Each structure stands twice: as C-alpha cells, then as structure tokens.
Amino acid sequence: MTHEPVERIPRDPARFAPIPGTALCLSGGGYRAMLFHLGALWRLYDTGLLRSIDRISSVSGGSITAGVLAMNWGRLSLDPAHLQEDFVPQVVAPIRALAGRTMDLGAIFKGLLFPGKVSDRAARYYNAHLFKGATLQDLPDKPRFVINALNVQSGALWRFMKPYMRDYRVGEVKSPTVPLAVAVAASAAFPPLLSPIVLKLSEKDFTANSGQDLQREPFTKKVVLTDGGVYDNMGLETAWKRYQTILVSDAGAKLEPQGKPKGDWIRHTYRVLTTIDDQVRSLRKRQLIQSYLSDERKGAYWSIRSDIADFHLADALLCPHERTLALANTKTRLKGLDDGLQEKLINWGYAVCDAALRKHVKSQIKRPSDFPYPSAGV
C-alpha cells in the first residue's frame, strides 16, 4: 500500500504482514476522550469482545482510560454477566470520579506559584487519584497495553509497555519500573502547559545496541517527552503495523473557524497545535478507512463526530446527530464535568461503538437494550 496511516521507520519491512489478532486504539481529547472511550470499553465488555483484544494502544486522554483499565485488568472477570460487579466499580467509578475534578488549571497554577514542574504535579495528581503507586510492571501480559508519548529529542514515538519502553532511535529499556502515573502523564502532556515529562535514565539502563543512531548521551541520560497525540493522534502506529484487525475509537476535536484568533502566546500556540492535529488526524483517518476498503486490514472506526445514521442500522440506539455534535464540542480540557455530561459522553461512546461493531465487525451481536445510563440519553 503506497499511503499508510502510520510512519515507516528504517527497520520496518518493505511490506507489513499483520498477524491474526485485534488491536484497539484510543485517541486523545482530554476528559471528553476519557469518557467517550469509557463508553466504548463498556460496550466491548458487555459484548464479550474486550477479552479477545490483543493490544490496546493509546495516546493522551485515551491513555488515562487505558491506564485505569490496565491497572484493574486482573480484577475483572471479563464476563458480561458480571459487568456491574467488576467493570463499573473497578474502571468506571475511578474514571468518573477524576472527571468530576479539574486537574489542568490546578497543576498549572501551582506550577507557576511554587517550585517544581507543572508536568510533575500532573503525574502526582494521577497517582493520587487513580494509580496509587502502580508501575508498568503491574500491567497484564495480555492484552499488551501500549502507552504512547513523543520523544521531543529524537522526534520519534516513545512506547511505554510492561516488557520494555523504547524509542527506535535511542534504544530499549527492558522491564521498566516507571510509575504508571508518569507514563500516562507523559502521554497526556499537551504542550505548552502540561509538557514536558522528563525521565532521568543512564546508558546502562538500555539494552546494548538497541537504538538505531541516538543511543548515547544526552539522549540516554534524560528523555524529554510530550503528548503522544502530537506524533500519532489516534494511537495507530503500534497497532496497525502488527495486527490484522484494528478498532479505532476517535474522540478528537474538529477545528472550528475562528474569526479573531487570540494573539497571546499560550492561546495562539494552542490554536496552531490544534490545526496541525486536525490535519494529521484527517489524513490518518482517510488512509485507515482506505486500508479497510482495500482489505489490507479488518476492523472498524468510530468517532465522537460520527453520525450514527451513517452506519445504516435500523435498530441503532437513538442518537440525534445535533445532540452528539454538541457532545463532540466539549472542550479538550482536564476540567471537571458534571454528572449529566459525563453520562451523555459515556452513552455516546457506547452507542457509536455498538453501531460500528454490529455493522463492520460482528453482525450477530445482539442489540443492547439501552444506554449504560438510560435516563441521561445523549
């Protein structure tokens, strides 16, 4: 395939030969993405499909959800009959509790007023409220969770996993004991305010000759990381190159026209970064869909901006497009959301994931009786 939704690196084969298996990709998008993806996971759980996922690759807001799921994976029965007894208290409850708190402004203001970096405060916040000291070694062996960040020094993807963390240019560190909160904070370190996260390492931490051209100081001594969505805004790269079936949950925002762009450096930088993200995301999406159409990959793509009518299911859950577009326009922030908006975002992720699965993955899936939160709707 000439146009692929991922970037090739020198070690890649001339043609990718995906192996049987399924990968799930969770995009960025702040609390909006965190909750939308939670709804998608809810539907995957109660169809029984979640237990068949081989890899979960995430960036930014998607990494918060993935991190909570990963940490609690061993506590889940993965039996749809027990969803309310394990998935809801172990995964849904802590994510919703976090979504009710404003994290970004608190970390920023304290970072400006007190010693220490904003990004370090964010990592401590995630640890206190979600991860409780868990490290990458507390993740399950299967599915393989891949938390993606961007190495600012090398310009390459930095992958956090249980067996290793690596950047193909700098090299590989086996069995890393990095706190899960730090990995998630790096993946969600949206510049300029929450970035960067810095890992302090040494040459001896790296597997000998595992990096292509940058396995030397200063690259091996201090690794400077930022939001994984800057590099791969849907978490596609570590999934598409490996597996035959790719499921993508995309909660990215759409760039809206702005007649009078802000001139201060913070808001101007945010606008420029959002523009870049929008263009790259659109290109990756088109190439991903083409890979489905050409039978190079199987799977399904669903977006927070999808129109559920486009899936052409006569019995899809009721999701008027004007209402779901309003949910899609929730700001890309780590700002506390009220219970009603949380439930609508979860319901929408659940409903559109259901439509995508029944249309493109497994038509035999039984229609859900209702939303996770029936009284909220969308």
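Helices and strands are taken here as DSSP runs, numbered from the N terminus. In these terms, Asp54 belongs to the loop that runs between helix 1 (30-47) and strand 2 (55-59). The model is a predicted one.

**The surroundings of Asp54**

Asp54 counts as buried because its relative accessibility is 18%, and the limit for a buried residue is under 20%. Leaving aside residues up to four places away in sequence, Asp54 touches Gly21, Thr22, Lys142, Pro143, Arg144 and Tyr243. One of these neighbours, Lys142, also has a polar contact with Asp54, in which the two side chains are joined at 3.4 Å.

**Aromatic pairs**

A pair of aromatic rings is described by two quantities, the distance of the centres and the angle of the planes. In this model the count of aromatic pairs comes to five. One of them is formed by Trp42 and Tyr373, whose arrangement is edge-to-face, with 5.6 Å from centre to centre and 75° between the planes. This pair links distant parts of the chain, since Trp42 lies in helix 1 and Tyr373 in the segment after helix 10 (339-360), 331 residues apart. Trp42 is buried, with a relative accessible area of 5%, and Tyr373 is buried as well, with 16%.

Another pair involves Tyr45 and Phe87: the ring centres are 5.0 Å apart and the planes stand at 35°, so the pair is tilted. Tyr45 is part of helix 1 and Phe87 is part of helix 3 (residues 83-99), so this pair ties together parts that are 42 residues apart in sequence. Tyr45 counts as buried at 1% relative accessibility, and Phe87 is buried with a relative accessible area of 0%.

Trp42, Tyr45, Phe87 and Tyr373 are linked by ring pairs into a cluster.

| Residue | Relative accessible area | Class |
|---|---|---|
| Trp42 | 5% | buried |
| Tyr45 | 1% | buried |
| Phe87 | 0% | buried |
| Tyr373 | 16% | buried |

**Charges over rings**

Tyr373, a member of the ring cluster, also has a charged group over its ring: the charged end of Arg96 sits there, 5.1 Å from the ring centre. A further arrangement of this kind involves Trp240, with Arg297 lying over the face of the ring at 3.8 Å from the ring centre.

How values were computed: Residues numbered from 1 in each chain as written. Predicted model: local features only at pLDDT ≥ 70, side-chain atom pairs only at ≥ 80, totals over all residues. Heavy atoms only, no water. Helix = DSSP H or I, 4+ residues; strand = E, 2+ residues; numbered from the N terminus. Buried < 20%, exposed > 50% of the residue type's maximum accessible area, 1.4 Å probe, protein only. Polar contact = N/O pair within 3.5 Å; in protein donor to acceptor, adjacent residues only side chain to side chain. Contact = heavy atoms within 4.5 Å. Phe/Tyr/Trp six-rings, centres within 6.5 Å; stacked < 30°, edge-to-face > 60°. Lys NZ or Arg CZ within 6 Å of the ring centre and 35° of its normal.
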